[in-house]
Amino acid sequence: ATTDTLTNKTLTSPTINTPKITIDFNAQTGTSYSLVASDQDKLVTLSNAAAITLTIPPSVFSAGQLVNIQQIGAGQVTLAAGAGVTITSTGATSAAPKLRAQFSAATVVCTAANTFTVIGDLA
């Protein structure tokens with residue numbers, strides 16, 4: 001790293017760049033959806049009057065990657081593990097958690113290869 005020493009310098013009207021934080025959405029309206037790599041760092045909204053199954057597939061995400069999800073319809077969202085995937089959560093059924101109610105949200109965190117923790121408003 002390079003170090004510069006400023007002596008007797010005056011900053012006039014410095015510009016401070018504040019980063020703009022935004023999130024992209026992926027709106028899903030069916031009764032089933034399987035997460036894809038491009039869902040990383042997005043909010044996947046799930047809206048249907050009937051129950052919805054959200055599958056976390058194997059070999060798509062790496063440790064440290066996140067996907068946010070929200071149930072915006074009346075149909076309750078249940079997370080399902082794809083072949084070889086392990087899900088942990090505080091949900092009543094920890095390996096297949098459900099979002100608690102309409103407008104509940106959660107984050108799916110990949111903690112290791114094909115291993116995920118779901119954190120959020122779970123039933």
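Me: In E4, which residue is the bridge partner of tyrosine 33?
Reply: In this predicted model, strand E2 covers residues 32–34 and pairs with E4 in the parallel sense over three bridges. Within E4, the bridge partner of tyrosine 33 is leucine 54.

Me: Which strand pairs with E4 over five bridges, and which residue there is the bridge partner of threonine 53?
Reply: E4 pairs in the parallel sense over five bridges with strand E6, residues 77–81. The bridge partner of threonine 53 in E6 is threonine 78.

Me: Along strand E4, which side chains point to one face and are buried?
Reply: The side chains alternate along residues 52–56.

Me: With which residues is valine 108 in contact, leaving aside neighbours within four places in sequence?
Reply: Valine 108 is one of the core residues that touch the most other members. Leaving aside its neighbours within four places in sequence, its contacts are Ile56, Gln65, Leu66, Val67, Ile69, Leu79, Phe116, Thr117 and Val118.

Me: What is the geometry of the aromatic pair formed by phenylalanine 61 and phenylalanine 116?
Reply: A search of the whole structure finds one aromatic pair. Phenylalanine 61 and phenylalanine 116 form this pair, with 6.2 Å centre to centre and 90° between the planes. Phenylalanine 61 lies in the loop between E4 and E5 and phenylalanine 116 in strand E9, 55 residues apart. Both residues are buried. An angle over 60 degrees counts as edge-to-face, so the pair of phenylalanine 61 and phenylalanine 116 is edge-to-face.

Me: Is phenylalanine 25 buried or exposed?
Reply: Phenylalanine 25 is in strand E1, residues 25–28. Not counting residues up to four places away in sequence, phenylalanine 25 touches Lys42, Leu43 and Thr45. Because its relative accessible area is 53%, and over 50% counts as exposed, phenylalanine 25 is exposed.

Notes
Residues numbered from 1 in each chain as written. Predicted model: local features only at pLDDT ≥ 70, side-chain atom pairs only at ≥ 80, totals over all residues. Heavy atoms only, no water. Helix = DSSP H or I, 4+ residues; strand = E, 2+ residues; numbered from the N terminus. Buried < 20%, exposed > 50% of the residue type's maximum accessible area, 1.4 Å probe, protein only. Contact = heavy atoms within 4.5 Å. Pairing = 2+ DSSP bridges. Core = buried A, V, L, I, M, F, W, Y, C linked by side-chain atoms within 4.5 Å. Phe/Tyr/Trp six-rings, centres within 6.5 Å; stacked < 30°, edge-to-face > 60°.
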